[in-house]
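Please open the structure in a viewer and keep the selection tool at hand.

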Amino acid sequence: MNELVSTLNGLIWSPALIFLCLGVGLYFSLRGRFLQVRHFKEMIRLMFTGKTDEHGITSFQALTMTLAGRVGTGNIAGVATAITFGGPGAVFWMWMVAFLGASSAFVESTLGQVYKEKLNGEYRGGPAFYIERGLGLKWYAWLFAIVTVFACGLLLPGVQANSIASSVETALGIHPNTTAAILAIMLGLIIFGGVKRIARFAEFVVPFMALGYILVACVIVLLNIEKLPEVISLILRSAFGLDAGFGAIIGMAIMWGVKRGVYSNEAGQGTGPHASSAAAVSHPVKQGLVQGFSVYIDTLFVCSATAFMLLITGQYNVQAPDGSAMFTGIAGVAAGPGYVQTAMENIMPGFGNIFVAVALFFFAFTTIVAYYYIAETNIAYINRVFGKGC
């Protein structure tokens with residue numbers, strides 16, 4: 001099984017996908033005349049405008065539901081992994097993916113609004129809807145819906161739940177089975193309340209968890225502010241192969257930066273449009289702009305918070321492609337949730353370990369909630385298709 005997963009992973013996350021992700025983002029950026037820059041102020045303004053109705057939710061609620069899916073373990077463990085295998089330069093390429101990906105998120109979320117439908121008294125939309133009605137490829141829309149149900153309903157939640165169980169066991173010694181039972185009960189109480197309850201949950205929890213995490217990161221950076229210019233310089237030098245220590249792995253920096261960036265912000269993956277389609281807005285483009293800003297929040301703010309906490313304190317490792325150590329700031333710990341917990345415990349003794357566990361719990365749990373909403377939306381689409389006798 002491990003060999004099969006490794007083979008599939010090598011095919012899916014091949015250089016072709018990396019260039020495709022960057023290329024698509026660049027294409028939409030050029031066609032939109034870099035709307036992610038021109039309409040930056042409008043993105044922020046639109047987040048707090050608009051009203052809900054009996055069928056939909058507000059723009060801000062849709063934004064927080066999308067962020068619930070975007071902000072997950074990739075923002076903590078994923079960033080550490082990118083730095084370990086790609087060096088500090090990987091952080092720059094994560095930023096680049098976010099900048100270009102904002103245009104991809106704008107396009108897919110706008111399409112979600114254009115082709116949304118009312119199903120079971122709620123607005124529903126996503127790639128399956130606009131693939132069918134926009135492109136006329138019913139077979140591909142149905143295939144997308146089936147794959148998404150399995151991915152978001154069965155496979156992806158396990159990754160997030162495993163990170164929660166692992167971090168909680170490390171920090172508090174609670175057995176994973178106990179954590180799993182608690183997660184199942186909490187999840188059921190939220191998702192069985194429909195999109196309105198999910199939206200209210202996300203509206204309250206997501207801003208709290210993101211701002212709290214960023215605030216702690218800012219405190220750590222301020223305590224080491226004299227090192228900030230050098231860290232920024234190191235990121236830029238490593239990104240373009242100009243650093244003597246990490247210049248040899250510029251290819252790995254690009255690859256891991258793009259891979260972790262796409263995994264974290266999910267721009268162009270087709271997950272964001274599901275929540276954005278539930279918003280009640282007067283024009284599709286308005287929600288598209290709001291969702292474009294969600295990519296900035298995920299990568300430029302939350303991912304950067306993790307990166308700066310690790311880099312500015314020197315609590316990170318860098319590994320060469322042959323497995324040899326290029327830099328060792330935290331020995332004996334593999335990249336992952338435990339890596340960040342150990343690093344934070346060294347930075348903040350007695351608090352860092354628990355802080356990362358709590359942050360991971362909120363990040364991963366909200367992502368699980370978002371995944372099940374995505375799966376449920378695609379189940380509703382499949383039911384609609386079969387209802388028509390297709």
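How many cavities of 30 Å³ or more does a search of the whole structure find? The search finds three. The model is a predicted one, in which local features need pLDDT of at least 70 and side-chain atom pairs count only at pLDDT 80 or more, while totals for chains, interfaces and linings use all residues. Residues are numbered from 1 along each chain as its sequence is written, and side-chain values use heavy atoms, with hydrogens and water left out.

**First stop: the largest cavity**

Select M65, T66, G69, R70, E266, T271, G272, A275, A370, Y373 and I374, which line the largest cavity. Two or more lining residues come from each of helix 5 (59-70), helix 14 (272-276) and helix 17 (352-387). Helix 5 supplies the largest share, four residues. The volume of this cavity is about 70 Å³.

On a 1 Å grid over the protein atoms alone, a cavity is a set of points where a 1.4 Å probe fits but cannot get out; a pocket is an open set with protein on both sides within 12 Å along at least five of seven lines, and lining residues have an atom within 4 Å of a point. Grid points are joined across faces, edges and corners, and a volume is the space filled by probe spheres set on the points. Helices (H or I, at least four residues) and strands (E, at least two) are DSSP runs, numbered from the N terminus.

**Second stop: the second largest pocket**

Next, select L67, P207, A210, L211 and I297, which lie nearest the centre of the second largest pocket among its 14 lining residues. Helix 5, helix 11 (194-223) and helix 15 (284-313) each give two or more residues to this lining, and helix 11 gives the most, with five. The pocket holds about 200 Å³ of space.

The structure holds seven salt bridges (a side-chain nitrogen of Lys or Arg within 4 Å of a carboxyl oxygen of Asp or Glu). Side chains of opposite charge can pair when their charged atoms come close.

Select R45 and E42, whose side chains meet in a salt bridge at 2.6 Å, N to O. Both residues lie in helix 4 (residues 40-47), three residues apart, about one turn of the helix. R45 has a relative accessible area of 46% and is partly exposed; buried means under 20%, exposed over 50%, and partly exposed in between (1.4 Å probe, protein chains only).

Move to R124, which is buried at a relative accessible area of 4%. Which residues pair with R124? E122 meets R124 in a salt bridge (2.9 Å, N to O), and E376 forms another with R124, the closest N and O atoms being 2.6 Å apart. Because E376 lies in helix 17 and R124 in strand 2 (residues 122-124), the latter pair ties together parts that are 252 residues apart in sequence. E376 is partly exposed, at 34% relative accessibility.

Then select E117, E132, R133 and R384, which are linked in a network of salt bridges.

**Last stop: a surface patch**

Finally, select L135, L137, W139, Y140, L143 and V147, which form a nonpolar patch on the surface. Helix 9 (residues 138-172) contributes the largest share, four residues. W139 is found in helix 9 and counts as exposed at 60% relative accessibility. Patches consist of residues with over 30% relative accessible area and no salt bridge, like charges being joined within 9 Å and nonpolar side chains (Val, Leu, Ile, Met, Phe, Trp, Tyr) within 5 Å.

Conventions
Accessible areas come from the Shrake-Rupley method with a 1.4 Å probe; for residues, only the protein chains shown count as cover.
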